[in-house]
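Hi,

Here is the structure I said I would pass on. Please open it beside this email as you read.

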Amino acid sequence: MTFEYDLKASVRTIPDYPKPGILFRDITTLLGDARAFRRAVDELVHPWAGNKIDKVAGIEARGFILGGAVAHQVSAGFVPIRKRGKLPHTTVRIAYSLEYGLDEMEMHADAIHPGERVILVDDLIATRRHRGGRGQADAPDRRQCGRGLLHHRPAGPRGAAKLRAMDVPVRTLMAFDGH
């Protein structure tokens, strides 16, 4: 059994959620399986062993779980990226489109400082209609601030390809066929 197959087997697919035609890849089953969860975190951490990482940013909500675990393992601070209006202090905001609508994400304006190396962890599973969404929206904003951004996302190849085209290194744990 290969690594990717092993992790993919722990992800549940829910058809037509949140809208008809969308295959939602539910990672709560992976998170509930101690072996799969540990393996996913280990694989996310492995490429950064021996590197100085200052912060790990996680996108609400499952990115908090994975990002928090990665931050702990690489001895870095954690930065929550949340939906608009959820953070209490001065924020920076970026809008992005999903296959089923528009949304905005925010982080505290003082959460990441110039020159810091940041890993962005996202649980997002891209669908055929997904166009890079959350991770792509976040990358240019961090680049404009002169901040280093590294990106982890268990996702499909289209969103990852767009990030790589912006010269953002991407580590993808799983890719699924279909939409």
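This is a predicted model: local features need pLDDT of at least 70, side-chain atom pairs count only at pLDDT 80 or more; totals for chains, interfaces and linings use all residues.

The overall picture first. The chain has 179 residues, and 46% of them are buried. Its secondary structure comes to six helices and nine strands. Among contacts with a separation of 6 or more, 56% join residues 24 or more positions apart. The accessible surface is about 8,800 Å². Carbon and sulfur atoms hold 52% of that surface.

Now the inside. The largest nonpolar core contains 24 residues. Leu 7, Leu 30, Ile 53, Val 56, Val 121 and Met 174 have the most contacts inside it. Four elements each supply at least two residues of this core: helix H2 (28-32), helix H3 (34-45), helix H4 (62-74) and strand E7 (117-121).

Take a look at Val 56. Beyond its neighbours within four places in sequence, Val 56 is in contact with Gly 67, Val 70, Ala 71, Val 74, Ala 76, Gly 77, Phe 78, Val 79, Ile 119 and Val 121.

Last, the loop residue. Pro 47 lies in the loop between H3 and strand E3 (55-59). Is Pro 47 buried, partly exposed or exposed? Its relative accessibility is 32%, so Pro 47 counts as partly exposed; that class runs between the 20% and 50% cut-offs. Pro 47 and Arg 171 are 124 residues apart in sequence. In space, their C-alpha atoms are 8.4 Å apart.

Best wishes

Definitions and conventions. Residues are numbered from 1 along each chain as its sequence is written. Side-chain values use heavy atoms; hydrogens and water are left out. A nonpolar core is a set of buried Ala, Val, Leu, Ile, Met, Phe, Trp, Tyr and Cys residues joined through side-chain atoms within 4.5 Å. Buried means under 20% relative accessible area, exposed over 50%, partly exposed in between (1.4 Å probe, protein chains only). Contact means heavy atoms within 4.5 Å. Accessible areas come from the Shrake-Rupley method with a 1.4 Å probe; for residues, only the protein chains shown count as cover.
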